[in-house]
Structure formats: structure tokens, C-alpha cells
Amino acid sequence: MKKIALPEPFFFENGPRAILLLHAYTGSSNDMRMLGRALEKEGYTVYATHFKGHGTLDPTDILAATPADWWLDTQNALAFLREKGYQEIAVFGLSLGGIFATKALEEEGLLAAGTLCSPLFLNENNHVVDSFLKYVATVQKIAGIEPTKIAESLPKIKIEVQQQLLEIGNYLPPIQMKIPEITKPFFIAQAGQDELIDSQSAYELKKALVQAAVSFHWYEESSHVITVGRDHHALENDVLDFLNQL
């Protein structure tokens with residue numbers, strides 16, 4: 001069987017301010033690599049970690065993890081940066097990562113935060129379950145699993161994904177309750193052609209940030225993984241403009 005190179009977390013050191021990048025559900029540090037390189041090029045230190053269960057050849061590893069695990073991953077990533085001597089830190093999260101970027105801003109004394117197509121106000125108008133099942137089928141096919149075995153496993157996996165989404169939904173209210181208390185600068189990016197989550201969630205987040213200076217950006221032609229899509233250069237420039245004003 002062909003050896004498959006799995007994604008790895010990355011750490012680019014190039015400046016006194018550090019940026020933590022948190023990837024998406026079913027994603028990896030690869031989601032954030034182009035943004036990371038763009039920030040490094042402009043004098044920022046950048047770290048992209050992996051959430052538990054992600055970046056493996058078994059998608060069901062994700063289903064064995066919990067939001068509490070992912071919050072611990074976020075805290076450990078911040079501790080890593082602080083141990084390296086970085087005190088001025090901002091955090092950006094794509095999709096799921098934005099939930100933990102927001103919580104980090106609420107609890108960890110950071111400079112600023114940003115969400116990229118993030119469901120801080122998750123509702124039933126999403127296609128995450130279908131997307132996850134397609135992801136499972138794709139990854140298992142790459143891993144050499146028989147198509148019939150893949151098909152047999154999907155109904156059970158569907159139930160587990162639905163349960164995990166409920167866990168994520170139940171994890172959100174305490175984070176949502178603190179959003180109006182945020183006073184640090186906040187960046188929001190949302191794709192107009194988001195095929196996974198309700199794009200209106202971005203406006204709910206903006207409305208809830210009553211005390212923060214909000215930098216809001218709408219990318220009409222982009223899809224959910226905005227960091228690697230057609231507007232990724234525009235996104236990178238907008239994030240840099242935001243950071244350079246801190």
C-alpha cells in the first residue's frame with residue numbers, strides 16, 4: 001500500500017507577536033497553512049496545532065474526542081507559545097476552530113481573536129453530517145478499505161456524528177453568554193457560498209459583540225473552507241490589516 005503523508009502541526013517563528021491558528025471539524029493544520037505562511041512573511045510567529053482525533057487516517061478518531069478535549073488542545077497550544085516566550089497572542093479559528101478561538105479570547109487574556117466561517121450560533125440549517133460521511137468514505141477509500149465495508153459502517157457513523165454535533169451544540173451556550181462581555185478586537189470572516197453552515201450565524205455573532213471593535217468581512221464567492229478557496233488572498237490581506245492595527 002502506498003505510504004500516505006499525514007498533515008503535521010506547524011510552527012513558524014518570525015516575530016514578537018504570535019498567532020494561533022485552529023483548524024476546522026474534520027480538518028487539519030493544512031487548512032491554515034497558506035494563511036500561516038502569509039502571516040509569517042509579514043513578521044508574525046504562527047502556530048497551528050491539531051485537535052484530538054484529527055489529522056489521522058481513521059475519521060472515527062474524531063468521534064472519540066469531545067469539545068472538552070479540543071478546549072484542552074487550545075489551552076495547551078497557548079501554553080506552548082507562552083513557554084516559547086510569546087506574551088502577545090491572537091487566535092483565529094476556522095469553523096469549529098472559531099468556537100475555541102472565541103472561548104480563548106474570553107478566558108485567556110489574548111490580544112484579539114477571529115472566526116472564519118464559524119458556527120458560534122449553530123442551528124439545524126447545516127450540512128455537517130452529510131459532509132462528514134463523505135469525508136469518511138473518501139479517507140477510508142484512500143486507506144484501502146473495501147467499498148462494501150465502508151457502506152456498511154456509514155449508518156452507525158451517522159448516528160455518532162449526530163450525537164457529537166449535539167455535544168458541540170450543548171457546549172456553546174456558556175461561550176455565547178460571554179460574547180457581549182468581549183472588549184478586545186474581533187475579526188469575523190464569512191463565505192457567501194458556505195455549503196456547510198448557515199452563513200447568517202456570522203451576523204448573529206457580530207450583533208452579539210456589543211462592546212468589541214468588530215472587523216467584519218463577507219466573501220460572496222467563497223465556500224466554507226475559506227482559507228484555501230478563491231478568496232484566500234483577500235482573506236490573508238484582511239487578516240493582516242486587522243493584526244497590523246492592534
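In this predicted model, Phe-80 has a relative accessibility of 24%, so it counts as partly exposed, since that class begins where the buried class, under 20%, ends. Phe-11, at 25%, is partly exposed as well.

A pair of aromatic rings is described by the distance of the centres and the angle of the planes. For Phe-11 and Phe-80 the centres are 5.0 Å apart and the planes stand at 75 degrees; because planes over 60 degrees apart count as edge-to-face, this pair receives that name. The pair links distant parts of the chain, with Phe-11 in strand β1 and Phe-80 in helix α3, 69 residues apart.

Ring pairs link Tyr-25, Phe-51, Trp-70, Phe-100, Phe-132, Tyr-135 and Tyr-171 into a cluster. Charged groups meet rings elsewhere: the charged end of Lys-103 sits over the ring of Trp-71, 4.9 Å from its centre, and that of Lys-206 sits over the ring of Phe-216, 4.9 Å from its centre.

The next topic is the interior. In soluble globular proteins, nonpolar side chains tend to be buried together. The largest nonpolar core of this model has 48 residues, of which Tyr-25, Trp-70 and Phe-186 touch the most other members. The contacts of Tyr-25 include Ile-62, Leu-63, Trp-70, Leu-96 and Phe-132. Apart from this core lies another, of 27 residues, among them Leu-39, Tyr-44, Phe-92 and Phe-187.

Finally, consider helix α4, which comprises residues 96-107. From its first C-alpha to its last it reaches 17 Å, close to the 16 Å expected. How many of the 12 residues of α4 are buried? The helix is mostly covered, with 11 of the 12 buried, including Leu-96, Phe-100 and Lys-103. The buried residues of α4 pack against β2, α3, β4, β5, α6 and β6. After α4 comes Gly-109, whose phi is positive, near 65 degrees.

Definitions and conventions:
Residues numbered from 1 in each chain as written. Predicted model: local features only at pLDDT ≥ 70, side-chain atom pairs only at ≥ 80, totals over all residues. Heavy atoms only, no water. Phe/Tyr/Trp six-rings, centres within 6.5 Å; stacked < 30°, edge-to-face > 60°. Helix = DSSP H or I, 4+ residues; strand = E, 2+ residues; numbered from the N terminus. Buried < 20%, exposed > 50% of the residue type's maximum accessible area, 1.4 Å probe, protein only. Lys NZ or Arg CZ within 6 Å of the ring centre and 35° of its normal. Core = buried A, V, L, I, M, F, W, Y, C linked by side-chain atoms within 4.5 Å. Contact = heavy atoms within 4.5 Å. Expected span 1.5 Å × (residues − 1). Lists of a residue's contacts leave out its neighbours within four places in sequence.
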